[in-house]
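Student: Please take a close look at the aromatic ring pairs in this model. Which parts of the chain do they connect?

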Amino acid sequence: MSFVFEPPAVASVPVADRAERFPVHRIYCVGRNYVDHALEMGGTGREPPFFFMKPADAVLAAAPGETAVMPYPSLTNNLHHEIELVVAIGKGGKDIAAAEAASHIFGFAVGLDMTRRDLQNEMKKQGRPWSIGKGFDHSAPIGAITQAARVPDIADAGIGLQVNGQDRQRSSISKMIWNIFETIEQLSKAWTLQAGDLIFTGTPEGVAAVTRGDVLIGHIDGLQPLQVRVE
Ligand code: MN
């Protein structure tokens, strides 16, 4: 096959202790998946899961020990961090039952659903799509993926984010409203999942703004930490 121009490189994420990288197909994100974050965003705290997407090439991947550099995005004065567990799909499927979902997971990573909150809020108010608030360039920083078999305790792992050494977000994966298996069940009713899909599973409470020069360190027990500097 030939193309009218050279296709862009496949977006990818490093895998801990492997030379091969994880090629990214799509990025799905879950909204309001922790009660206390749903409340801080004005929700009731108990709603069915809903989904939005980021483009695959919004990935800003950091290898272990590396600091990813995120350019401060255009058009915003309120860039927010959302620390999230990312599920990496290794085997696709549709209508995947929660009880079968584990067999579709390749691994897990620490991610940041970076958000132009002022634009997202404006779009919400007007009933318009969130893309400009959520799906911009470099909006999906992510650390190396750890293969699932190495993190048997992910469902109870602690999750947190520090900005310039100060605690901003701290919670537990156990506080998700919809756990990772239920999320895969719901998501795969709406889309056929494919190997290479990433699922950002929602953020706990404590979202707030960052500015140029800030250093963000995200962690989830058992996974490679994620370090990002905003420039
Ligand atoms: Mn989010």
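Tutor: Rings of Phe, Tyr and Trp, the last by its six-membered ring, count as a pair if their centres lie within 6.5 Å; planes over 60 degrees apart make the pair edge-to-face. The model is a predicted one, and 5 aromatic pairs are found in the structure.

Start with F50 and W130. Their ring centres are 5.7 Å apart and their planes stand at 90°, so this pair is edge-to-face. F50 belongs to strand 4 (residues 50-54), while W130 is in the loop between helix 2 (117-126) and helix 3 (131-134), so the contact ties together parts that are 80 residues apart in sequence. F50 is partly exposed, its relative accessible area being 27%.

Next comes F51, paired with W191. Here the centres are 6.2 Å apart and the planes are at 85°, so this pair too is edge-to-face. It links distant parts of the chain, since F51 is in strand 4 and W191 is in the loop between helix 4 (180-190) and strand 15 (198-200), 140 residues away. W191 is partly exposed, with a relative accessible area of 29%. Ring pairs also join Y28 with F51 and W191 in a cluster.

A charge over a ring is a separate kind of contact. The charged end of K54 sits over the ring of F136, 6.0 Å from the ring centre.

Technical notes: Residues numbered from 1 in each chain as written. Predicted model: local features only at pLDDT ≥ 70, side-chain atom pairs only at ≥ 80, totals over all residues. Heavy atoms only, no water. Phe/Tyr/Trp six-rings, centres within 6.5 Å; stacked < 30°, edge-to-face > 60°. Helix = DSSP H or I, 4+ residues; strand = E, 2+ residues; numbered from the N terminus. Buried < 20%, exposed > 50% of the residue type's maximum accessible area, 1.4 Å probe, protein only. Lys NZ or Arg CZ within 6 Å of the ring centre and 35° of its normal.
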